[in-house]
Amino acid sequence: DAEKPAGTCAVLINEKERSLCANLSAANEYKMEDHFNTEEIQAVVKASKMTYSAGFFLTVCPDAMVAAGKLAAESTDKVFCFNLSAPFLCQFFKEQMHQVLPYADYVFGNESEAAAFAEANGFKGATVPEVALKISMLPKASGTRGRVVVITQGSEQT
C-alpha cells in the first residue's frame with residue numbers, strides 16, 4: 001500500500017533478554033490479488049528453494065502462507081518454514097495456524113509459544129519436548145520429508 005509507511009520494530013535488550021514491539025503498518029494491507037498473485041511475486045516464490053514465514057502473517061493473509069506452502073509441498077526441492085512467533089497467535093489464530101501447519105517442513109518457536117500451543121490444542125502441561133513431538137506429528141501435506149520442530153528455551157540448551 002503506497003499510502004502507508006513500511007512497518008517498524010523496536011527492540012529492547014537487557015543483558016541476555018530482549019523484547020520486541022512491532023508496528024506492521026503497510027504489512028496489514030497485504031492482499032493475495034494485489035501482492036502474492038502478481039507475476040513479480042509469483043516468479044520469486046516459484047524460484048525460491050525455501051520460504052520462511054513468521055506467524056504474525058496469520059493475522060493478515062494466511063491464504064498467502066497456504067499458497068506458498070502448497071508450492072513447496074508440490075515440489076521435491078522446496079521447503080516451507082513457519083514460526084509460531086507469539087503465544088497470542090497460538091491462542092487466537094488457531095484455525096489459521098492449522099491451515100498453514102500441514103505445509104510446514106520446519107516449525108520454530110520458543111517455550112512460551114509451545115506452552116500456548118499446547119493449551120490451545122488440548123494438551124496443557126505438556127513438556128517442551130512433548131509439544132515439539134506433537135507438532136511434528138500433525139498432518140503433513142507432503143510425504144517427501146518429515147517435519148522438523150525447533151523450540152528454543154532462552155539461554156537453556158535446545
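Good morning, colleagues. Please keep in mind throughout that this is a predicted model.

I begin with the largest pocket, whose volume is about 730 Å³. Its lining is made up of 25 residues, and the closest to its centre are Arg18, Leu20, Ser85, Asn110 and Glu113. Several elements contribute two or more residues to this lining: strands E2 (17–23), E3 (50–54), E5 (106–110) and E6 (148–152), together with helices H4 (87–92) and H6 (111–120). Which of them gives the most? That is E2, with five residues. In terms of residue class, the lining of the largest pocket consists of 12 nonpolar, eight polar and five charged residues.

The second largest pocket has a volume of about 190 Å³. Of the 13 residues lining this pocket, those nearest its centre are Thr51, Tyr52, Ser53, Phe57 and Ala68. Helix H2 (39–47), strand E3 and helix H3 (62–73) each provide at least two lining residues, and E3 gives the most, with four. The lining of the second largest pocket divides into 11 nonpolar and two polar residues, with no charged ones.

E3 pairs with strand E4, residues 79–83, in the parallel sense, over five bridges. Within this pairing, threonine 51 stands opposite phenylalanine 80 of E4. Taken together, E3, H3 and E4 form a β-α-β unit, and this unit is right-handed.

How many cavities of 30 Å³ or more does a search of the whole structure find? The search finds one, and the volume of this largest cavity is about 40 Å³. Its lining comprises Val45, Ser48, Lys49, Met50, Thr51, Ala68, Leu71, Ala72, Lys78 and Val79. By class, six of the cavity-lining residues are nonpolar, two are polar and two are charged.

I turn next to helix H6, one of the elements lining the largest pocket. The buried residues of H6 are Glu113, Ala114, Ala116, Phe117 and Ala118. As a general point, an α-helix has 3.6 residues a turn, so residues three or four places apart point the same way. The elements covering the buried residues of H6 include strands E4, E5 and E6, as well as helices H4, H5 (94–100) and H7 (128–136). Just after H6, glycine 122 adopts a positive phi of about 85°.

Finally, I draw your attention to aspartate 105, which sits in the loop between H5 and E5. Is this residue buried or exposed? Aspartate 105 counts as buried because its relative accessible area is 3%, and the cut-off for burial is under 20%. Leaving aside residues up to four places away in sequence, aspartate 105 touches Lys78, Val79, Phe80, Lys140, Arg145, Gly146, Arg147 and Val148.

Terms used. Residues are numbered from 1 along each chain as its sequence is written. This is a predicted model: local features need pLDDT of at least 70, side-chain atom pairs count only at pLDDT 80 or more; totals for chains, interfaces and linings use all residues. Side-chain values use heavy atoms; hydrogens and water are left out. On a 1 Å grid over the protein atoms alone, a cavity is a set of points where a 1.4 Å probe fits but cannot get out, and a pocket is an open set with protein on both sides within 12 Å along at least five of seven lines; lining residues have an atom within 4 Å of a point. Grid points are joined across faces, edges and corners, and a volume is the space filled by probe spheres set on the points. Ala, Val, Leu, Ile, Met, Phe, Trp, Tyr, Cys and Pro count as nonpolar, Asp, Glu, Lys and Arg as charged, and the others, Gly among them, as polar. Two strands pair if DSSP finds at least two bridges between them. A crossover is right-handed if, with the strands pointing away from the viewer, the path from the first strand over the helix to the second runs clockwise. Buried means under 20% relative accessible area, exposed over 50%, partly exposed in between (1.4 Å probe, protein chains only). Contact means heavy atoms within 4.5 Å.
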